[in-house]
Amino acid sequence: MPIFEVRGVSFCYPDGTPGLNDVSLYISQGECLGVVGPNGSGKSTLLKILAGLYFPQKGEVLFSGERLTEERLREKSFRENFRRKVSILFQNPESQILFPTVWEEVQFGLLQMRIPPEEAQKKSKEMLEFLHIEDLKERHPYKLSGGEKKKVILASLLALDPEVLLLDEPTDNLDPRSASELTAYISKLSQRKTVLISTHNLNLVEKVCSRVYLLSEEKRVEAEGEPGELFRDRGLLERLNLIEVG
Ligand SMILES: Nc1ncnc2c1ncn2[C@@H]1O[C@H](COP(=O)(O)OP(=O)(O)OP(=O)(O)O)[C@@H](O)[C@H]1O
Ligand SMILES: [Mg+2]
């Protein structure tokens, strides 16, 4: 059974702008899936729907075979289980910052999960070291650069060891070394977790994803398949505005 199944989902923002148009897709347990599409094709909208933050007006989303709805998420046990298992990294990590220091930010989720403080500190320290951001420990997350912010939020999510990671443009804003370190890490991570990456970075998808969905400007699924194979179709990529024409 897929861990997520999206069936005929359409979503419209309150101002009437369509966010997704009749999208169907699935994510299998343990796979590393890519979602690629031009600006405004609905990638971020899709990730927020999968994270149970938006609810489609049409179609349905299943998580481990159960319908993911606003009503279900109001149930404490369902919500806690879902939130523990599924983490999302927003495209704009600023909206995920809650605390005045990086150190508190990274520990917060762990403490909220009632992990003993000593263990939470140990885990947070490991994650900061892992992402090479120990030096930022006492800094205010708001006052960091875009890439630094992304690493801080990523550290706080990874510390929780979720089963499913929804990563919205994870390499955006990262310098080449950080991007390639993160790519290597995601590749390692995907051996034991389910990962969904939304990105414009076709290289990243080719390196780490076993399957990819291509979304169009009409916010529909245009194609699905193995990245190496799909990306050979230059005409398709040009038509979808995923590579420069020429
Ligand atoms: N809060 C919002 N209110 C109204 N419309 C929105 C809102 N957020 C996104 N949209 C619209 O929904 C559509 C899909 O946007 P979305 O952010 O999901 O695209 P995306 O594929 O993530 O784009 P990008 O590559 O630029 O990150 C776009 O037409 C966008 O203008
Ligand atoms: Mg986006």
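A: Two strands are taken to pair if DSSP finds at least two bridges between them. Strands (E, at least two residues) and helices (H or I, at least four) are DSSP runs, numbered from the N terminus. The model is predicted: local features need pLDDT of at least 70 and side-chain atom pairs count only at pLDDT 80 or more, while totals for chains, interfaces and linings use all residues. Residues are numbered from 1 along each chain as its sequence is written, and chains are lettered from A and ligands numbered from 1 in the order in which they are written.

The sheet is open and antiparallel, with four strands in the order S2-S1-S4-S5. Its edges are strand S2 (18-27) and strand S5 (66-67), each of which pairs on one side only. Two antiparallel bridges join S5 to strand S4 (residues 58-63), and Leu-62 stands opposite Arg-67 in S5.

Strand S2 contains Asp-22, a residue other than glycine whose phi is positive, near 50°.

Val-61 belongs to the largest nonpolar core, which has 62 residues, and is among the members touching the most others. Such a core is a set of buried Ala, Val, Leu, Ile, Met, Phe, Trp, Tyr and Cys residues joined through C-beta atoms within 7 Å. Helix H6 (residues 146-158) gives the most to this core, with six residues.

Definitions and conventions
Buried ≥ 20, exposed ≤ 12 C-beta atoms within 10 Å, placed from the backbone.
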